[in-house]
Amino acid sequence: MADYKIKPAKLSDRIVEQLENMLLEGSFAAGQRLPAERELAERFAVSRPSVREAIQKLEAKGLLNRRQGGGTYVCDNLTVGLTDPLFALIGRHPESQFDLLEFRHALEGICAYYAALRGTAADHQQIKTLYDSICLSQQQQDVDAEAKAVGQFYLAVAEASHNVVLLHLVRGLTPLVEQNVRLNLAALAPREGTAAQLNAHRQRLMQAVINGEPEKARQASNGHLAFIEEALLEVNKERSRIERSLRRSQQS
């Protein structure tokens, strides 16, 4: 019988595997600069040439690139499919906002479910910190900051799910979600008490995640988005009624 010898993995290949895992887990985002080779060598307890070789292999795979002036970065195009011009068009089209809300029902609901199932104490603290940021931006009446904080809140829930596919999908969609939130806030601003109701929904979601109640977390997420959808429909009906009244008054 032939003697088949298993070749030991090269050190650089093991570093490649470690870095790929970090990319998958979201430790480095698209466009983010990696630590210097020296720092990575110390972190992995290897030589700098081994780190350099690993980086070259990841460059060849299209995951990293070196930029003029120094530094190695995660490729920006890792999320290109979720941030291309078509998605920018969706973000600007009023009718598509309801389609996006429907999609968020499925995506954010399952994120909330798994966040309640798998979230750690550190995840819970991050979610709570971002919830507090939402409340603070409301007090300061800063709509842009509020939309940003809301988008990061949902991203933190996705991170707490510890599902790398959900995480990267939500991360890629976050700019679109933030724009959706900004439009929704502007549309719902005239409705008194809406901000308090939205916060109450998010608080129920947060508490279900922290308490480790997956089904309650999913229901809280779905209930929150259903409330937004119904409120927007009511606003649109009221706007249509006012526009009809104005047209009739102009004709008389």
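Student: What does the secondary structure of the chain come to?

Tutor: The secondary structure comprises ten helices and two strands. Helices (H or I, at least four residues) and strands (E, at least two) are DSSP runs, numbered from the N terminus. From the N terminus on, the order of elements is α-α-α-β-β-α-α-α-α-α-α-α. This is a predicted model, in which local features need pLDDT of at least 70 and side-chain atom pairs count only at pLDDT 80 or more, while totals for chains, interfaces and linings use all residues. Residues are numbered from 1 along each chain as its sequence is written, and side-chain values use heavy atoms, with hydrogens and water left out.

Student: Why are helix 6 and helix 9 called roughly antiparallel?

Tutor: Helix 6 (residues 121-139) and helix 9 (residues 194-210) pack at an angle of about 175°, with their axes 10 Å apart. Axes are lines fitted to C-alpha atoms, for helices over the stretch in contact, and angles run from 0 to 180 degrees between N-to-C directions. Angles under 35 degrees count as roughly parallel, over 145 as roughly antiparallel, 65 to 115 as roughly perpendicular and the rest as oblique. The two helices are therefore roughly antiparallel to each other.

Student: Which residues of helix 6 and helix 9 meet?

Tutor: A contact requires heavy atoms within 4.5 Å. Among the residues that meet are His124, Ile127 and Tyr131 in helix 6, and Asn199, Arg202 and Met206 in helix 9. The residues of this contact divide into eight nonpolar, four polar and two charged. Here Ala, Val, Leu, Ile, Met, Phe, Trp, Tyr, Cys and Pro count as nonpolar, Asp, Glu, Lys and Arg as charged, and the others, Gly among them, as polar.

Student: Why does Thr174 count as buried?

Tutor: Thr174, also placed in helix 8, has a relative accessible area of 6%, so it is buried. Not counting residues up to four places away in sequence, Thr174 touches Gly151, Gln152 and Leu155.

Student: What makes Val164 partly exposed?

Tutor: Val164 lies in helix 8. Its relative accessible area is 33%, and the residue is therefore partly exposed. Leaving aside neighbours within four places in sequence, Val164 is in contact with Leu24 and Glu25. The C-alpha atoms of Val164 and Asn21, 143 residues apart along the chain, are separated by 9.9 Å.

Student: Why is Ala200 called partly exposed?

Tutor: Ala200, in helix 9, has 29% relative accessibility and therefore counts as partly exposed. Between Ala200 and His224 the C-alpha distance is 8.9 Å.

Student: How many residues are in the chain, and what percentage of them is buried?

Tutor: The chain has 252 residues, and buried residues make up 39% of them.

Definitions and conventions:
Buried means under 20% relative accessible area, exposed over 50%, partly exposed in between (1.4 Å probe, protein chains only).
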